[in-house]
Amino acid sequence: MPMPATTKADLWRALEAHRAQIAARHPRELVEDDPGRFERYALEAAGLLLDTSKQLVTDETLDLLVRLARASGLESRRDLLFEGGIVNETEGRAALHTALRNRSGRPVLVDGRDVMPDVEAVLEKMRTFSVSVRDGTWRGFTGERIRDVVNIGIGGSDLGPAMAAAALDARRGSDLRAHYVSNLDAVQIERVLRDLDPERTLFLVASKTFSTQETLANARTARRWLLDTFEDEAAVARHFVAVSTNRERVVEFGIDPENMFEFWDWVGGRYSLWSAIGLSLAVVYGMGAFDALLEGAHAMDEHFRTAPLASNLPVRLGMLGVWNTNFLGVATHAVLPYDEALRLLPAHLQQLEMESNGKRVTRTGDAIDVATCPVVWGGPGSNGQHAFYQLLHQGTALVSVDLILAVRSQARWADHQDAVLANALAQGEALMRGRTLEEARAELIEEGLSPAEAGRLAPHKVVPGGRPTTTIVYDELSPRILGALVALYEHKVFVESVIWGDNPFDQWGVELGKLLAGRILGEIRGGEPADHDPATAALIERVRRIRAGD
């Protein structure tokens, strides 16, 4: 059982007092004065090494954070998550993405019913279908083999699979190609379809309700594109399949219901990669790769479920997020993979973290009186060094950083990897260590500058350091490692949500914009004006006039 709320409040105040005590300490000092710090602060599980030694924390900090996690009821909340309990209170649902990758043989109950037979049945259907496309049994309307697979979705139905496809592409063992369409702006789907052959293209329409505006608009465009070639409605059933729960709408679209892949209301969009939403991965990269992805995630699940809080990777990562956000004042967090295959990971994590914990009320509807989720952003580290790293090192904002790196490259030209590793490790050191004014002046004098000139330039070369930095290391990116990495971040988000008290499995904030867009769409198309604020009404009118050529 969680400790009383007063205990949590006492621990929060203790952390605030502790922060004041160590305010003058610098991570550089903490690392240099403690040769054993790396061994104590590095954790390993599921093929991942998590180095947190460059964070502004001490042993006392970590102990207080673990006690705060326990006082907040993390252990009981974690058990409820894995047991299929109602953790999404506002929608009255379980959040069982962990069941989708459950490899333990344990039943998982929702309302007293084991959901694992249903999960296994969908996985087997994915296996059968993916094999049929890969071996040529499934063919297009004219008998041609499929070459291009286009996933049409948005949000979690796009970001997760697209990210994983980029990560797995170096291991693609067939001539099948994956494409992802999500944007309502027709420029994207036009660009994707431009070089595709309708006779050899398969579309996967991913929409739980089969009513999502962006997804359906793109699916209808793809349907028109297909029928421009075939002029026969029967072709739709050979070139479209659906990942949905709405059989009626799927059939109405022209998709054979036998080619509809089910998932459930306890699968949230941003946690749906592990479900039939990952069908494009199974088809293009093989069901073996998809199984390995699930196995890696399950390994992290088991670690999160069973490891003590003090040595638990998601708990450490989540509690450091709380520490940095609530006690160090970090408002922005950068995810910087030094692995080109993970170039889309920051975009996936933006949705995972900000849609989950971008909340201002608790699960019971009370106002949250502390900061919650920071802004999450990032990109490949090697490119970022020539773009935004200047701000990381010398900007006025305190940014926390995750550096993610592979020891070995998937690429054939592996000689590049030494330089990649050197840059990643150097950035971790520089972000933590920095450069003092005295060091800058001494370096300039050593370069041959006069003491006066060195004194003039030295302030421009000062790097404060002390940027809270975590480094995640793995041997070589594989489906299994990718699964573990994504699951690590999923559970990190859950840990933070327990401390902040929010519901990480709903997203009511996106509803208002959708509602207003529906009203405005009619006006743009010539309908009667709706009730808007004066500024928006004027802007709509200006758009209509531009459209009319006025």
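**Strand 13 and its neighbours**

I began with pairing: strand 2 (residues 48–54) runs antiparallel to strand 13 and is joined to it by 4 bridges. Strands here are DSSP runs of E with at least two residues, helices are runs of H or I with at least four, and both are numbered from the N terminus. Two strands pair if DSSP finds at least two bridges between them. This is a predicted model, where local features need pLDDT of at least 70, side-chain atom pairs count only at pLDDT 80 or more, and totals for chains, interfaces and linings use all residues. Residues are numbered from 1 along each chain as its sequence is written, and side-chain values use heavy atoms, with hydrogens and water left out.

I noted that L49 stands opposite V473 in strand 13. Next I looked up strand 12 (residues 399–406), which pairs with strand 13 in the parallel sense over 6 bridges. There, V401 stands opposite T469.

Is strand 13 covered or open? I found it mostly covered, with 6 of its 6 residues (469–474) buried, meaning under 20% relative accessible area with a 1.4 Å probe, protein chains only. In a regular strand the side chains alternate between the two faces of the sheet. I listed T469, T471 and V473 on one side, and T470, I472 and Y474 on the other.

**A helix pair**

I then turned to helix 8 (residues 156–168), which passes helix 16 in a left-handed crossing (near helix turned anticlockwise from the far one by less than a right angle).

Conventions: Axes fitted to C-alpha atoms, helices over the stretch in contact; angles between N-to-C directions. Buried < 20%, exposed > 50% of the residue type's maximum accessible area, 1.4 Å probe, protein only.
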